[in-house]
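I opened my notebook to jot down side-chain contacts, charges and rings. Here is what I had on screen while writing.

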Amino acid sequence: MLSETESDFTKARNKAFINELQHFLNPEETKMISFKQIKSLLKPQNQTYIGMKTIPISKIVGSEGRYKDFDNQFFPKSSFLKERWEHVDEAVIKDIILPPIRVYELGGLYFVRDGNHRVSVAKSKGVEFIDADIISLQTEIKLSPVRTLQGMIKQIISWEKKNFYFETNFGDITDFWCLDFSLPGQYDIIYQHILTHKYFINQGITEEIPLEEAIISWYSLVYLPVVKTIEKYKIKKYVKATESDLYVWIITFWDDLKHKIGDDVELDTIVKDISQEYRAKPFRKIRNAIGRIILKKKISRL
């Protein structure tokens, strides 16, 4: 007959297994969020030691170092965790006071530095709050508790879009509200494109143009022509990406190509080549053929 701790671990392990079965078509949805990944996306500027507080377990969404050992519900993914897990469970059963876990707070959510097994045991027993020693990393973004990296990324992109439109007044200026991306960090790239466009316009005049005028010029003379070329060759039919995703990628590719083989490379030719080369291939394979396209261009100039 199983001891109480063995039974508890088996139940927790079974929950992880069921979670895995329910998402067997999308296994990424069961993976715990890595603190390192979220930190790299949010890029917090500094950190502050908060001290010990009681925090809701529902807001603990990831881990610094043990994100591969537990699923996104903090249930154990492997039997090698059994001994340590049962020791923690036994202490809880005997009402032994355990030290607080240690966490990072980022965007209003928590990521475990130390105490993953304690969180797992507490979660399996339906405990709602736990004592934690907290280091807070400063960021303007406030996140809602989600259990997948993709869900977290969507929140970050949504915040970036809202911030970009608010800071630049882009929507009111252009009457275009569909500058949408599937990856974080792209609105900063767009802003740099606008500033670069503004810089080149200012080279030929004595009085600096306002940002609003630069936005209108960039949108009509740079962004829309690229989008129309994308539509002309129906690239979105073959790739899973927004038109803004494709704009950033194609402009980056085009600039890189011009540096390698000269400024006379035409946008229409680039987009046409991409369309023909990858008509039946997923978006992730586009980058794999950059070398072949560059070589093709070099040969054609010989």
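I started with F200, which is exposed at a relative accessible area of 58%. For my own use: buried means under 20% relative accessible area, exposed over 50%, and partly exposed in between, with a 1.4 Å probe and protein chains only. The model is predicted, so I note that local features need pLDDT of at least 70 and side-chain atom pairs count only at pLDDT 80 or more, while totals for chains, interfaces and linings use all residues. Residues are numbered from 1 along each chain as its sequence is written, and side-chain values use heavy atoms, with hydrogens and water left out.

**Rings**

I looked up aromatic pairs next: rings of Phe, Tyr and Trp (its six-membered ring) pair if their centres lie within 6.5 Å, and planes under 30 degrees apart count as stacked, over 60 as edge-to-face, the rest as tilted. That rule gives 20 aromatic pairs. Why is the pair of Y165 and W177 stacked? Their ring centres are 5.4 Å apart and their planes sit at 15°, so the pair is stacked. Y165 belongs to helix α5 (residues 149–168) and W177 to the loop between α6 (170–174) and α7 (186–202), so the pair ties together parts twelve residues apart in sequence. Helices here are DSSP runs (H or I, at least four residues), numbered from the N terminus. Y165 is buried at 8%, whereas W177 is partly exposed at 44%.

Back to F200: with Y199 it makes an edge-to-face pair, 5.4 Å centre to centre and 75° between the planes. Y199 is partly exposed, at 48%. I also found one aromatic cluster whose members include F164, Y165, F170, W177 and Y247.

**Charges over rings**

A charge sits over a ring if NZ of Lys or CZ of Arg is within 6 Å of the ring centre and within 35 degrees of the ring normal. R113 lies over the face of Y104, 5.1 Å from the ring centre. K123 has its charged end over the ring of F75, 5.9 Å from the centre.

**Salt bridges**

I counted twelve salt bridges, each a side-chain nitrogen of Lys or Arg within 4 Å of a carboxyl oxygen of Asp or Glu. R66 and D69 meet at 2.4 Å, N to O; R66 is partly exposed at 29% and D69 is buried at 16%. R118 and D114 pair up at 3.0 Å. Is R118 buried or exposed? R118 is buried, at 11%, while D114 is partly exposed at 33%. Salt bridges with shared partners also join E6, K82 and E86 into one network.

Conventions:
Helices (H or I, at least four residues) and strands (E, at least two) are DSSP runs, numbered from the N terminus.
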